[in-house]
Amino acid sequence: MMETPNYQPLERRKVYEQIAEQLLAQIGSGRLRPGDSLPPERELTESFGVGRSSIREALRMLESQGVITGNGGSFAVADVANPLNSSIRLLFALDERTGMHDLFELRRILDCEAAALAAQRHRDQHVREMDAAIAEMDASLRADGRGDRFIDADLRFHIAVAEATGNRLLVHSMQAVRDVVRRALTTVFVIPRSPERAVVEHRGIRAAIAAGDPARARQEMFDHLVRVETDVEKGSAGG
Ligand SMILES: [Zn+2]
């Protein structure tokens, strides 16, 4: 007799996932093309007959998958659909020998070299974007302490560093790792003082980049990521 596989019970399908799927279908069919704006949030809320939070969650999910890009509250279909994104998530799920440690190592390789290049190549606009991301992290801690707003701002900072290199492939690769990292960061957010330390560390990275010091930028980024990884391990060990 064949042994019955030990499947997990299925989760009820979430509303935001169904919305994201339908928007994805619109893009896949070509009804929405790269660069096209998505309907505004309130229009989507009416069309789907759901709450605003479900629409926001769906948009956030598509954005983290690199399918759409946000700009001041409005969204457009991304110019380049990023196949790396789903590939990395798939590899992570399929290859059971890959673990969080591999993910963080990959992230360290990308982010540290990105920081060094950013120190050499950044323009003023990139430093302003880093500042905006840091301010947003800080504001979210003071306001409601909501994890997802903080984590979005944290990732926005790292993407700003990638943008400053001018290397589009690096931006795409970091965005691809971002979705998987996001889950780990949710763990870190609840560790006491971890988010506050991230703000301080980001300021250090930003200062080194703005000063045009590649070695220091690389080191500051390295220290930041090693600290975050240590906190993730502590978080998982604590359940
Ligand atoms: Zn960070």
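Student: What volume does the second largest cavity have?

Tutor: This is a predicted model, in which local features need pLDDT of at least 70 and side-chain atom pairs count only at pLDDT 80 or more, while totals for chains, interfaces and linings use all residues. Residues are numbered from 1 along each chain as its sequence is written, and side-chain values use heavy atoms, with hydrogens and water left out.

The second largest cavity has a volume of about 90 Å³, and a search of the whole structure finds 2 cavities of 30 Å³ or more. A cavity here is a set of points, on a 1 Å grid over the protein atoms alone, where a 1.4 Å probe fits but cannot get out, and lining residues have an atom within 4 Å of a point. Grid points are joined across faces, edges and corners, and the volume is the space filled by probe spheres set on the points.

The lining of this second largest cavity consists of 10 residues, and Arg107, Leu155, His158, Met174 and Arg178 lie nearest its centre. By class, the lining has 6 nonpolar, 1 polar and 3 charged residues, where Ala, Val, Leu, Ile, Met, Phe, Trp, Tyr, Cys and Pro count as nonpolar, Asp, Glu, Lys and Arg as charged, and the others, Gly among them, as polar. At least two lining residues come from each of α5 (100-121), α7 (147-165) and α8 (168-189), and α8 provides the largest share, 4 residues. Helices are DSSP runs (H or I, at least four residues), numbered from the N terminus.

Two of these helices, α5 and α7, pack at an angle of about 55° with their axes 7 Å apart; axes are lines fitted to C-alpha atoms, for helices over the stretch in contact, and angles run from 0 to 180 degrees between N-to-C directions. The pair α5 and α7 is therefore oblique, given that angles under 35 degrees count as roughly parallel, over 145 as roughly antiparallel, 65 to 115 as roughly perpendicular and the rest as oblique. Their crossing is left-handed, that is, the near helix is turned anticlockwise from the far one by less than a right angle. The contact of α5 with α7 comprises 6 nonpolar, 2 polar and 4 charged residues.

On α7 there is also a contact with helix α6 (residues 124-142), the two packing at about 170° with axes 8 Å apart, so α6 and α7 are roughly antiparallel to each other. The crossing of α6 with α7 is left-handed, and the residues that meet include Met130, Ile134 and Met137 in α6 and Phe150, Asp154 and Phe157 in α7. This contact of α6 with α7 divides into 13 nonpolar, 2 polar and 6 charged residues.

Conventions: On a 1 Å grid over the protein atoms alone, a cavity is a set of points where a 1.4 Å probe fits but cannot get out, and a pocket is an open set with protein on both sides within 12 Å along at least five of seven lines; lining residues have an atom within 4 Å of a point. Contact means heavy atoms within 4.5 Å.
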